[in-house]
Amino acid sequence: TRGAEALGIIPTHLPYGFSDAHLKLDQDAGPLGRLSVSAYLNDETLVYQEPGESSGVDFDWGSEAVGVRLWRSFGAQVAGELRAGYSAFGGRFHATERRWNHDAQRYDDSLRYVVRASTGIADGVLAGGVTWHGRRHQLRAGAQLDAYRFRHDVRPTDFDDDVSDLVPPFHREDRPLTLAAYLEDEWTPGDALSLRAGMRVMSAGPRGTEWMPRLGIRYALSPRLSLWAGAGRSAQVMHSLHD
């Protein structure tokens with residue numbers, strides 16, 4: 001935003017900033033196969049505090065992710081992969097206030113928090129799969145474990161009793177686990193037609209178990225044009241703070 005202000009694209013100062021970083025590495029790991037590592041980091045901030053004003057806000061949020069994939073071929077027909085990863089999103093909101101100094105007839109320079117709130121979700125993944133390549137069939141099977149963490153925290157301070165009454169303190173943290181497995185077959189009866197069918201089942205412990213069938217068809221009208229249709233059922237762990 002500083003550069004946009006200097007160029008006149010943004011006529012006034014915008015108290016917003018962000019940064020992004022991405023990294024990806026691929027490496028031949030010899031007899032272990034091929035190793036791929038990726039990482040992503042995002043951070044965004046919005047700070048509003050006018051000179052001479054008593055109150056302000058500090059709001060920042062961002063996400064991060066890192067993943068590792070190991071792929072290996074076991075002959076001409078079979079290949080396998082292992083994946084591990086971690087991703088997270090979080091946000092923080094701080095409302096601040098300055099005390100009025102009656103002796104100096106001005107606000108104090110030091111800031112005090114009125115409300116401090118944060119929310120976040122994180123997901124750790126461990127997965128593995130195998131693919132078998134036949135003349136007309138391509139079979140895939142695998143499993144995936146997800147460990148989630150949902151966290152919410154609101155902490156009003158005792159700086160103002162009215163704020164504590166209006167925004168009561170709140171804290172909640174949940175750590176659900178899901179275990180999923182899938183089996184899929186892609187059949188190519190001819191050069192132009194391919195059919196795909198599969199089933200995925202996911203268990204979320206006390207939250208239940210879901211069966212998710214999938215079906216797809218593709219027909220190549222030409223080397224550059226194909227028609228594709230598909231249907232399936234999806235499910236994921238949902239976390240609600242309703243009421």
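## Aromatic contacts

Phe59, Trp61 and Phe93 belong to one aromatic cluster. The model is predicted: local features require pLDDT of at least 70 and side-chain atom pairs pLDDT 80 or more, while totals for chains, interfaces and linings use all residues. Residues are numbered from 1 along each chain as its sequence is written, and side-chain values use heavy atoms, with hydrogens and water left out.

Three aromatic pairs are found in a search of the whole structure (rings of Phe, Tyr and Trp, the last by its six-membered ring, with centres within 6.5 Å; stacked under 30 degrees between planes, edge-to-face over 60, tilted for the rest). Phe59 and Trp61 make a tilted pair, at 4.8 Å centre to centre and 40° between the planes. Phe59 counts as partly exposed because its relative accessibility is 32% (buried is under 20% relative accessible area, exposed over 50%, partly exposed in between, with a 1.4 Å probe and protein chains only). Tyr148 and Phe150 make a stacked pair, at 6.0 Å centre to centre and 10° between the planes; both residues are buried.

## The largest pocket

The largest pocket has a volume of about 250 Å³ (a pocket is an open set of points on a 1 Å grid over the protein atoms alone, where a 1.4 Å probe fits, with protein on both sides within 12 Å along at least five of seven lines; lining residues have an atom within 4 Å of a point; the volume is the space filled by probe spheres set on the points). Among its 18 lining residues, Glu64, Ala88, Phe89, Gly90 and Arg151 are the closest to the centre.
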